[in-house]
Amino acid sequence: MKKSAFLMVIIPLMIACLFVSCGEVRETDETSLILWYDKPSEVWEDALPLGNGRIGAMVFGYTDTERIQLNDDSLWPADLSWDDPDGTPEDLARIRELLIEGRHTEADQLMVEKFSRKDIVRSHQTLGELFIELNHDNITDYRRELNISDAVAEVSYKTNGSLVTRRVFASNPHQVIVVELSSEAEEGLNGKIRMERPEDRGYPTAVTVAEADDLLVMRGEITQQGGVFDSRPAPILEGVRFETCLKVSNQGGQVVSGDGFLELVNVKHATLYIVSNSSYYHDDDYSLQNSKDLENLDGFDAASLLEAHVADHQALFNRVAISLTSEQPDSLPTDVRLQRIKEGAVDPGLEALLFQYGRYLLIGSSRQGTNPANLQGLWNQHIEAPWNADYHLNINLQMNYWLADVTNLSELNQPLFDFTEKLVVSGKSTASNNFGCRGTFFPHATDLWVPTWIRARTAYWGSSFGAAGWLMQHYWQHYLFSNDTTFLRERAFPAMHETAQFYSDWIIEDPRDGTLVSAPSSSPENRFIDQHGNPVALCLGAAVDQQTIAEVFDNYIAACRILDIDNELLETVTEQRGRLREGFVLGSDGRILEWDREYEELEPGHRHMSHLYGFHPGTTVTKSSAPELFDAVRKTLDYRLAHGGAGTGWSRAWLINCAARLLDAGMAHEHIQYFFRESIYNNLFDAHPPFQIDGNFGYTAGVAEMLIQSHEENIIRILPALPEAWHTGYVTGLKARGGLTVDIVWHNERATEVKLIATKAGETTIIVNDDVTPVNYKKGKNRLRFK
């Protein structure tokens, strides 16, 4: 490749979102950021999500009885301090002996018997339902929409020729959900307002009372009558307590109270202010906090609350703008556009909308001071949610945050780091008591109360040992994106130290070749066929564990160098790193081995691709540093796909990221089409199925990976996997490692302009339009032009 483009001149950054095509510049059409429909929701997966990080809502848009399903990220059954498993270091030693002897089935059984709490049912739960009985009929001119640019849902229609409108938003600045209702009909709005919560297997879970003509209050406590622990029934009869208050302000007509409801009588305009707090955040003062939240609304009308809400949301959302097409956004309803894709159409405008939707959902479910986004983000209608709507640490929680730094939402990592640091503390007892190791251990899944014992009745589901290392990657990558050494020293390094300490103690010498390996070790949720023909999970040094431990050691060594730290652990892991078995080993057919030897896979098309961890989301294997392994990754993925791989939404999203890392635009875009056709509900939620939000977040990260890559040392790739369908477009505000913000404009599949906004002067190499361009950039705004 030739060196051609060169640094031009520093100019001010474009403030407005721009659309560029053949020299024309104009403002982006706001309709490109709207999901809209011409009918109400038919199912929960049609409803439109709103959230302020802690509380949220799903808006259905019904015309007879409106349903708004409410959410709170802290609503869990109690932490009962369920006993730790009774496994000991001696039991661990026995499992290792069994594996060395090739007795995998016995090792699997003993691992579950001694170290796992088997099946667990303790679920994140819905807050409840708001119903607004309107009984409207003769409906015309119906429209339901969600504007993700301002985080507002609206419903409008005519009933008997009179216009009715509804607007809903969830404010972070004022910690309130606001519902505005209005009617142009002479009789105004008439109907009851109710709040209720589903029963827990026949048992009431909340009580709603009208405490004034304008105030409805729902109080309850989270239980889990169907609780399960250690694969045995274990009802949980206590949990987080909560109070939800709904206050009504009306214009025209009146609001009167009844037995557990408020009633609108000839009201022209009503505003409902919903505040909700729990004992998780406020101990016994959650009711007092509701009073404070309502008092804080004094002096604010709905318009001023909306203004503050939009400003707060857009301060995050508007950092990135994107267009993947030179055409105007499609004017069809979102569900119709989605159906067209399922029938074979290509819709780059909807692909761009889904990219921004992922950012919208992270803003709505992960704010500073809240819990991190769980398997459903924040939005959960269940008492017993699929997979407990908890935190799965063998990819799912991590995938939720792949997009944060690269799409300029760095602050939204904070709930993840807060949660991880709680896990570090909890995991130290598990590491010590069960495994006889220093440092900390994370299991494959946990919940609000951060237990760190293994859970699952089978070894292949739950006996996973790489979770802590995987989460350490997020600390390290956040440092690389931000250049924040204070963060590295005060937050990242302490967690990295505990994790490196555990793995240093955990690995053993493999008597077969003298290398150091993770033992026992598995490839999450997958199995192989052992020499006796049995499907088994555990081995000595599965690829994912070897790759993860190598990454932990490498990053720990690098952090010590940056922070000028010299300690005993550094000396130990430096020596161990040299003896660690490689995580990338090629089989006889050129594929990456998933386990320690070339076993037959039970499921050749398994949804997890954990043996490619070091390729993505890791950074060990790149085209520039390891071309042979780079090619082997492609063979491995091709084999997975040939046997039906990537069948779930999040797995397909991971594949899009991998295809982008392979610099294969056609492959990446092909699987974007599969993602839309097979894994997207009408409200654009990811379908595992059922709904699981990591696919949304992983998709957004994958699109970003197609537009910019900075994981190779001192290299930034511009449009590394740009498909033909995105031939003309722009993106502004993406982040590259090194503290850089990057804007890109392209035409006919070639970048024409790149802007680098740097926090400090530096140098890098940009690869763009098949050219390699060394760049010395200054602090501030730098502009490069290309032909």
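**Entry 1: the largest pocket**

I started from the lining of the largest pocket, where H14 gives the most, with six residues. The model is predicted, so I kept its limits in view: local features need pLDDT of at least 70, side-chain atom pairs count only at pLDDT 80 or more, and totals for chains, interfaces and linings use all residues. Residues are numbered from 1 along each chain as its sequence is written, and side-chain values use heavy atoms, with hydrogens and water left out.

I noted the terms before going on. A pocket is an open set of points on a 1 Å grid over the protein atoms alone, with protein on both sides within 12 Å along at least five of seven lines; a cavity is a set where a 1.4 Å probe fits but cannot get out; lining residues have an atom within 4 Å of a point. Points are joined across faces, edges and corners, and a volume is the space filled by probe spheres set on them. Helices (H or I, at least four residues) and strands (E, at least two) are DSSP runs, numbered from the N terminus.

I read a volume of about 960 Å³ for the largest pocket. Its lining has 30 residues, and Leu480, His711, Glu712, Glu713 and Asn714 are the closest to its centre. Helix H12 (467-482), helix H14 (543-563), E30 and E34 each supply at least two lining residues. I sorted the lining by class and got nine nonpolar, 13 polar and eight charged residues. Here Ala, Val, Leu, Ile, Met, Phe, Trp, Tyr, Cys and Pro count as nonpolar, Asp, Glu, Lys and Arg as charged, and the others, Gly among them, as polar.

**Entry 2: the sheet with E30 and E34**

I then looked up E30 and E34. They belong to an open sheet of four strands in the order E29-E30-E34-E35, with mixed pairing. Strand E29 (708-709) and strand E35 (771-777) are the edges, each pairing on one side only. Two strands pair if DSSP finds at least two bridges between them. Strand E30 (residues 715-718) and strand E34 (residues 762-768) run parallel and are joined by three bridges. I found isoleucine 716 bridged to isoleucine 766 in E34.

**Entry 3: the second largest pocket**

I read about 580 Å³ for the second largest pocket. Of its 28 lining residues, Trp387, His392, His444, Trp461 and Glu525 lie nearest the centre. The lining divides into 11 nonpolar, nine polar and eight charged residues.

**Entry 4: cavities**

I searched the whole structure and found five cavities of 30 Å³ or more. The largest cavity holds about 310 Å³ of space. It is lined by 21 residues, with Trp402, Val406, Gln477, Phe481 and Arg737 nearest its centre. Helix H9 (402-406), H12, H17, helix H19 (694-707) and E29 give two or more residues each to this lining. H12 has the largest share, five residues.

**Entry 5: H17 and H18**

I checked H17 (residues 649-661) against H18 (residues 665-678): their axes come within 8 Å and cross at roughly 165°. Axes are lines fitted to C-alpha atoms, for helices over the stretch in contact, and angles run from 0 to 180 degrees between N-to-C directions. The two helices are therefore roughly antiparallel, a term for angles over 145 degrees.

**Entry 6: strands around E12**

Isoleucine 132 stands opposite isoleucine 193 in E12. Isoleucine 193 also stands opposite leucine 262 in E19.

How values were computed: Parallel < 35°, antiparallel > 145°, perpendicular 65-115°, else oblique.
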